[in-house]
Amino acid sequence: MKITVDEEKCCGAGQCVLIAPEVFDQPDEDGIVVVLEPEPPHDQHALTREAAAVCPAAAIQVHDTP
């Protein structure tokens, strides 16, 4: 799994950080999502997919890797 984020779409809602804090962070300055783990470990895959699914701006993309 690989994660990418369209920072221009991000509205700073922070749902991703609440759901998957090991994978995403949000700086106080602008609130735009930061990906901490672009290729999260297997035990974070379900939370990462959930975070992408609930993103109100659809800024998070999950790419399956072989």
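Predicted model: local features only at pLDDT ≥ 70, side-chain atom pairs only at ≥ 80, totals over all residues.
The overall dimensions come next. The C-alpha trace spans about 35 × 20 × 15 Å along its principal axes. For 66 residues, a compact globule would have a radius of gyration near 11 Å, and the protein chain agrees with this because its own value is 11 Å. Among contacts with a separation of 6 or more, 60% join residues 24 or more positions apart.

The surface and the interior can be described in turn. The protein chain exposes about 4100 Å², and carbon and sulfur atoms supply 50% of that area. Buried residues make up 32% of the 66, where buried means under 20% relative accessible area.

In soluble globular proteins, nonpolar side chains tend to be buried together. In this model the largest nonpolar core has 15 residues, and those with the most contacts inside it are Ile 3, Cys 16, Ala 20, Phe 24, Val 33, Ala 51 and Ile 60. Helix H1 (15-19) and helix H2 (45-54) each supply at least two residues of this core. H1 gives the most, with three residues.

Leaving aside residues up to four places away in sequence, Phe 24 touches Ile 3, Cys 16, Val 17, Val 33, Val 34, Val 35, Leu 36, Thr 48, Ala 51 and Ile 60.

Conventions. Residues numbered from 1 in each chain as written. Heavy atoms only, no water. Rg over C-alpha atoms; globule rule 2.2 N^0.38 Å. Buried < 20%, exposed > 50% of the residue type's maximum accessible area, 1.4 Å probe, protein only. Contact = heavy atoms within 4.5 Å. Areas by Shrake-Rupley, 256 points an atom, 1.4 Å probe, with all protein chains shown as cover. Core = buried A, V, L, I, M, F, W, Y, C linked by side-chain atoms within 4.5 Å. Helix = DSSP H or I, 4+ residues; strand = E, 2+ residues; numbered from the N terminus.
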